[in-house]
Amino acid sequence: MAGKIYRVGIIGCGGIANGKHMPALKKLPNVQMVAFCDIVPDRAQKASEEYGAPGAKVYSNYKALVTAGGLDAVHVCTPNKSHAPISIACLEAGMHVMCEKPMAKTTKEAQAMVEAARKSGKKLSIGYQNRFRPDSLYLKKVCEAGTLGEIYYAKAQAIRRRAVPTWGVFLNEDEQGGGPLIDIGTHALDLTLWEMDNYDVKYVVGNAYRKLADTKDAANAWGSWDPAAFTVEDSAFGFITMKNGATIVLESSWALNILDAIESVTTLCGTKGGADMKDGLRLNGEEYSKTYVNKPDLSAGGADFYVGESADPSDVEAASFYAAIESGGDPMVLPEQALVVTQILEAIYESSKTGKPVFFD
């Protein structure tokens, strides 16, 4: 990615920006972070001091950052509620946008983002970094080669036993749009749809539960939560039927009485073979009248488009996004694909409220 130096802005300088986006961008030689925005000015200032290029600007309102201009791209790392308005404003101002997952709270907002990207001609991608893991990339090649045959059943799993995020606005329905389904279930669903290369949904049935949220002094990885502040579900499950007849079962939880917790994984079952991520990537099938299980060695090598010391998915995601901008090609995570994820999540919530299936089209 030699040549142009990209001037980049960070909108939202909280946990996901510090834990993922800014460290990854700092490793890219053709990226300079020159603008930082957060509603808490001290957070933006701290980010600027740690990651900013000389002369980096600090803002407390994203509209001021957009108006100031001079940026090639922006990373939107804010609560879900503001993903759409911020991303759309940046696209309309001529900036490429990497928006953290999920794409938006609602289908309507996500559709508006897709349209804004189309009209602007700028790149829009969503932060589904699990696609960039070595096991995910390898499995994608397996699927594209037809090794599994027709994939007609899949499981998308993001199951935590007791790991409710107690910081920020994760428990706030208005800010986030939901709980584990929209937070981590979205990763598992995106990964599954992408591996299957199937985005044509027929109907969705789902249930969201708030069964453990009122527990006081609960055991939890990050300390007990406040039941009064817990306004979202603690688990949610969906049954998704695709137009070609394939079935996807989506399981998500922050708190669930289950021992086999596993997060951001997929299980695929096809006519020629299957795959899961239960013990590393495992491929299974039948050959010469015998069943087999293969576990590829993923310890060496990286993504085709990224040469460097790190194979961290967040690093590869960032490098991939700027490689797409440089080449003029598509980012790996297309906004149209992320839109379908949002449509399914919204349908699960709606089905849970109405007790009825939600039909697409």
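**Close-up views of a predicted model**

View 1. Helix α10 (residues 335-354) lies across β8, β9, β10 (247-253) and β15, at about 55° to β8. Contact here means heavy atoms within 4.5 Å; axes are lines fitted to C-alpha atoms, for helices over the stretch in contact, with angles from 0 to 180 degrees between N-to-C directions. Helices (H or I, at least four residues) and strands (E, at least two) are DSSP runs, numbered from the N terminus. This is a predicted model, where local features need pLDDT of at least 70, side-chain atom pairs count only at pLDDT 80 or more, and totals for chains, interfaces and linings use all residues. Residues are numbered from 1 along each chain as its sequence is written, and side-chain values use heavy atoms, with hydrogens and water left out.

**View 2. The β8-β9 pair.** β8 (residues 201-209) runs antiparallel to β9 (residues 235-242) over eight bridges; two strands pair if DSSP finds at least two bridges between them. Valine 205 has phenylalanine 239 of β9 as its bridge partner.

**View 3. The two faces of α2.** Ala44, Ala47, Ser48 and Tyr51 are the buried residues (under 20% relative accessible area; exposed is over 50%, partly exposed in between, 1.4 Å probe, protein chains only). They fall within an arc of 100° seen down the α2 axis, so they line one face of the helix; the arc is taken from the directions from the helix axis to the C-beta atoms. Turned away from that side are the exposed Asp42, Lys46 and Glu49. The cover over the buried residues includes α1 (15-26), β2 (31-37) and β3 (57-59).
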